[in-house]
Amino acid sequence: MGRKPRCDGCGAELRDCSEVVSVTLPRCGVIASVRAPARSCAGCGEVRVDASVLRHAGLSIACELADRGIHSGDALRHMRKALGLRAIDLAQLLDVTPETISHWETGKALPTRAAFATVAAMVEEAVEGRTVTRDRLAAVAERRKYPRVLEVRLRTPSSRA
């Protein structure tokens, strides 16, 4: 049997538990939360959630916001941050100005439905460990030259797995 994990602070044994991770969207009054696996110290009581779990919790909250149709600048900001994108990077992917992203996120303007759905698709894919939409947007943003010949493999539903 393996050695039990210990607290970095006091050296006591760490025990599995769960912790609620919450996000507040102040402009629309939504508080979103998810219960995530964590570890608590039997000695000092400190609770720790791994960074990878926190990232996944943020993405899970972002997915739920999109699924519920919470179409607001606050939700868009949370989704962008959950994806690890800077506002300027998202602006480039969506072919808008950084000021447009700022106006959306601060509530000066409502994000377009197309932009919201695109970011939601990127979030859904990130939960699954995929980046298809993000990669396609980046390819279009690069304005690559068209190839003279394009070889294509036949895609079937089973080839997407």
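## Strands and hairpins

Five residues lie between the strands in the hairpin of β2 and β3, where Gly45 adopts a positive phi near 80 degrees. In this predicted model, β2 pairs with strand β3 (residues 47-48) in the antiparallel sense, over two bridges. Ser40 has Val47, in β3, as its bridge partner.

Strand β2 (residues 30-41) also pairs with β1, again in the antiparallel sense, and this pairing runs over 12 bridges. Glu19 is bridged to Ala36 in β2. The hairpin that β1 and β2 form has four residues between the strands, and Gly29 in its turn has a positive phi of about 75 degrees.

## The segment before β1

Asp8 is located in the segment that precedes β1 (14-25). With a relative accessibility of 68%, this residue lies over the 50% cut-off and therefore counts as exposed. The side chain of Asp8 makes a polar contact, at 3.1 Å, with the side chain of Arg48. Asp8 and Cys41 are 33 residues apart along the chain, while their C-alpha atoms are separated by 9.4 Å.

## Cysteines

The structure holds zero disulfides. Cys7 is accordingly in no disulfide: the nearest cysteine sulfur belongs to Cys41 and is 3.8 Å away, whereas a disulfide requires two cysteine sulfur atoms within 2.5 Å. Cys10 is likewise in no disulfide, and the nearest cysteine sulfur, again that of Cys41, is 3.3 Å away.

The accessibility of these residues can also be stated. Cys7 counts as buried because its relative accessibility is 5%, under the 20% limit. Cys10, at 43% relative accessibility, counts as partly exposed, because this value falls between the limits of 20% and 50%.

## Helix α5 and its surroundings

Helix α5 comprises 15 residues (residues 113-127). From its first C-alpha to its last, α5 reaches 21 Å, close to the 21 Å expected at 1.5 Å a residue. Just after this helix, Gly129 takes a positive phi of about 80 degrees.

The buried residues in α5 include Ala115, Phe116, Val119 and Ala120. Met122, Val123, Glu125 and Ala126 of the helix are buried as well. The elements that cover the buried residues of α5 include α1 (51-67), α2 (73-82) and α3 (87-94). Also among them are α4 (98-105) and α6 (132-142).

Conventions. Residues are numbered from 1 along each chain as its sequence is written. This is a predicted model: local features need pLDDT of at least 70, side-chain atom pairs count only at pLDDT 80 or more; totals for chains, interfaces and linings use all residues. Side-chain values use heavy atoms; hydrogens and water are left out. Buried means under 20% relative accessible area, exposed over 50%, partly exposed in between (1.4 Å probe, protein chains only). A polar contact is a pair of N or O atoms within 3.5 Å; within protein, one must be able to donate a hydrogen and the other to accept it, and residues adjacent in sequence count only if both atoms are side-chain atoms. The expected span of a helix is 1.5 Å times one less than its number of residues. Contact means heavy atoms within 4.5 Å. Two strands pair if DSSP finds at least two bridges between them.
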